[in-house]
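Have the structure open as you read.

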Amino acid sequence: MGIEAEELVPGVVVAGPRSEAPPEAPNRSWLAAVGWYVLLIGLSLLVLLPVWLTLMRALSTPAAAVKPGASPFLPHEVQWGVFRRAIDQGNLWAALGRSMVVTILITGGQLVTSVLAAYAFAYLRFPFKRVIFALFMATLLLPIEVTLLPNLHTVRDLDWFNSYQGMAVPFMATALGTFLIRQGFLGVPSEIRDATRLEGYGHWSYLWKFAVPLTRPVIASFTVISFLAAYNQYLWPRAVVTDSNNWSTIQIALRDLTTTPETSNIAVAGALVAAIPIVVLLILFSRQIVQGLTAGAVKG
Amino acid sequence: MAERETPARASRLAETGMAALFLAPSIILFALFFFYPFEQLVLRGLYRNNAQGTNLRYVGWSQYKDVLTGDDFRAGLVHSLQYVLYTVPAGLILGTLLAVAAHRKLRGIRIFQTIFSSTVATSVAVASVLFYVLLNSQTGVLKVDWLNDPNLALFGVSLSSIWQNLGLSFIIVLAGLQTVPTELMEAATLDGYGPVRRFFRITLPLISPVLLFLTVVLVIFALQAFAQIELISRGGPAGHSETLVYKIFQHQTPDQLGVGSVMAVGLFVVTFIVTLAQFLLLDRRVHYGD
């Protein structure tokens, strides 16, 4: 493989300290500020436009919305029951529950496997360490889109179609998590390890009493982006769920709502319901999400 | 440490054993769900199957040659690359535009930053449903008929990805802008640099590693597009928006496993080359700050 393991994970950027936003020149600041607000509001409307237009469509009675001359920016003959109908028709509460189970299994599994592996790479000496680390990173080149067909074969052989383990187990190990948490462990000052060793702490107790707590910010942001990715998964659950009535996750359940254009309003309502958990996550953990998403882009 | 000198060999062995234990869960899962299937993909391509998937017949590399030079694979590859072309430059430009606009000291700027990042709250499936409703030819909000036009269907689908990627692109570029030292901008202003020249001569070179990272991420997203296609265009009209992953998904039946495997190897090679090329070609031109 022609590239170094370190480069497979884009963590190579070294940047200076965080800076404040550039200050405006004081004499022109009033006029400039108005100009910026106009631009920012305009861009905000553009970003939100797809949600607004589809929300209006969801709230409108379908026949009224497609009448000639009906403005797409406004609701027509509002019907709030559309959310209720989407939830009933798509069986969305059950699907949401399944999504939660799968997501928690994947994120929990990833945390355990990558904390352990990261500890080995950061603190333990063993033969072929570099080779094994490179192999770990090489898995980043084998996304589920590539390995789909043989993995389906494996899961069929295990009789794991339409099951939680079938949806979750293939994703319980992660090179990205191992890499990020290893970076976190390497950032713990070596004096702490030396001091705890003199105090008689072995590897196992050092891992859980010191290394993990001291790396909490890194682990927290990894947890949040892992949760996000697992909840949003589409291709794999779509492939291993053949009994969609009983096993669809919420993302897959959306597919059944888009079969007829006439019920667009219900499809949109379902999509908005599916997005709610992530909106909540975003509000509660926005800092961790930003840190997690930019972990590969900027160091600092 | 001196008292540990004698049992050094034993402790070395114990450490290796512990490492093996710690690495075992990851190694087992990687072996089972990453490396074994990859080996299977490469091998499967060497066999042709009958309809039951039994009775494998070794055909050597001929199936690779047939599939990789065939019209089906080529169409999938072209559509996947088109998808890259539609979504990646747009993502870079729009992400940078949003980030530059929101990177300033203004009252309430956090509100705008939240709005610009908001599309990360949507999954591919959610974004696809919204654009399915916007673009549908019969009841679509936008009143366009792109999804039935062979030349425009994939472009229509790509709008969902462009929109869905806005939040991520914005967050990444903004993080890059925040690393540009204020003093440098002030010094440039004192030297008589206008805002446009400051952006192209200072900001852009300094954030180029971040833009490279974003490029790689967006290209990989585009090459993996599946849910968008399935939910918005169903690959249509007449297969004109079937990307590589969409085609691989269609080759699940036992008799088509060989062909699907070769396509998946093709997807792997394309992803690998693109990722490598981006690092090698851009590495020299990208400015890595100290």
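Here is a short briefing on the interface and on one helix pair.

This is a predicted model, where local features need pLDDT of at least 70, side-chain atom pairs count only at pLDDT 80 or more, and totals for chains, interfaces and linings use all residues. Residues are numbered from 1 along each chain as its sequence is written, chains are lettered from A in the order in which they are written, and side-chain values use heavy atoms, leaving out hydrogens and water.

**Where the chains meet**
- Chain B puts 96 residues in contact (heavy atoms within 4.5 Å) with 103 residues of chain A.
- Together they bury about 9200 Å², 75% of it on carbon and sulfur atoms; buried area is the accessible area (1.4 Å probe) that two parts lose on being put together, summed over both.
- Glu15(B), Phe22(B) and Phe33(B) supply 8% of what chain B buries against chain A, more than any other three residues.

**Bridges across the interface**
- The rule finds three salt bridges between chain B and chain A (a side-chain nitrogen of Lys or Arg within 4 Å of a carboxyl oxygen of Asp or Glu).
- Glu15(B) and Arg125(A) meet through their side chains in a salt bridge, at 3.1 Å from N to O.

**A helix pair in chain A**
- Ala117(A), Ala120(A) and Phe121(A) of α5(A) touch Lys129(A), Ile132(A), Phe133(A) and Phe136(A) of α6(A).

Methods
Helix = DSSP H or I, 4+ residues; strand = E, 2+ residues; numbered from the N terminus.
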